[in-house]
Amino acid sequence: MRVTLTEFLTLDGVVQSPGMPDEDTRGGFRHGGWQFPYADEDFGRLVAGWFGRADAFLLGRWTYDIFAGHWPRMTDPDDPVASALNGLPKYVVTGTPLTTGWEGATALTGDLADEVGALRRRPGRELQIWGSATLARSLLGLGLVDELRLLIHPVVLGEGLRLFDTRDGGVTPAALKLTGTATTGSGVVLHTYEPLGTPRYGAFPAPD
């Protein structure tokens, strides 16, 4: 399976608590629900199309707990997001036992590279990561992400957890290839990338 990473970001790179005001208030974050004004029909079609490609999900523990508290209650069979999340396998990278009983959820407690590498070698379409920024940074550093889907929203918050947050030293330098772009009616810009390995460096020639 291809490992795909989908992240909702503000223009200044914040990924914290996009969906609801009380989704993630760590660090006193006051801007939860910032994504809501931009969730138009274009956005919905993009997201539904991606969920339709999933054969399994890979989640960090924080994101899993948020999802497990919401999606099992969404039972509309015509909802492509709920149907996929509730019906497909979910693998959760965690150091503690799962306390929420969500059908199809399995804890991954071993070596991250070994566990995810084994899932990646299984037949199928996509092993999808949604959110899970800390896990995403680790997998990018291990070279275990095949595609990034970054949905950049036209809003600046000035605080909050970021996908590429250098403060904890968890970002590995990487080069990316842009493979696609799209824009929704509400102004969300999608950039799709494939990793290209390490960055290349150079210098512009000095003037004569």
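Which residue lies over the face of Trp-62? A few notes on this predicted model, starting with that one.

1. Arg-26 is the residue to look for: it lies over the face of Trp-62, at 3.9 Å from the ring centre.

2. Another charge over a ring involves Trp-102. Here Lys-90 lies over the face, and the distance to the ring centre is 4.6 Å.

3. Trp-102 also has an aromatic partner, Tyr-64. Their ring centres are 5.8 Å apart and the planes meet at 35°, so this pair counts as tilted. Tyr-64 belongs to helix α2 (residues 61-68), while Trp-102 is in the loop between β3 (90-93) and β4 (105-108).

4. On aromatics in general, searching the whole structure turns up six pairs.

5. Now the backbone. Ser-17, in the loop between β1 (2-10) and α1 (41-51), has a positive phi near 50°. Its relative accessibility is 2%, so Ser-17 counts as buried.

6. The other serine is Ser-132, with a positive phi near 55°. Ser-132 sits in the loop between β5 (126-130) and α5 (133-142). Buried or exposed? Ser-132 counts as buried, because its relative accessibility is 6% and the cut-off is under 20%.

Conventions:
Residues are numbered from 1 along each chain as its sequence is written. This is a predicted model: local features need pLDDT of at least 70, side-chain atom pairs count only at pLDDT 80 or more; totals for chains, interfaces and linings use all residues. Side-chain values use heavy atoms; hydrogens and water are left out. Helices (H or I, at least four residues) and strands (E, at least two) are DSSP runs, numbered from the N terminus. Buried means under 20% relative accessible area, exposed over 50%, partly exposed in between (1.4 Å probe, protein chains only). Rings of Phe, Tyr and Trp (its six-membered ring) pair if their centres lie within 6.5 Å; planes under 30 degrees apart count as stacked, over 60 as edge-to-face and the rest as tilted. A charge sits over a ring if NZ of Lys or CZ of Arg is within 6 Å of the ring centre and within 35 degrees of the ring normal.
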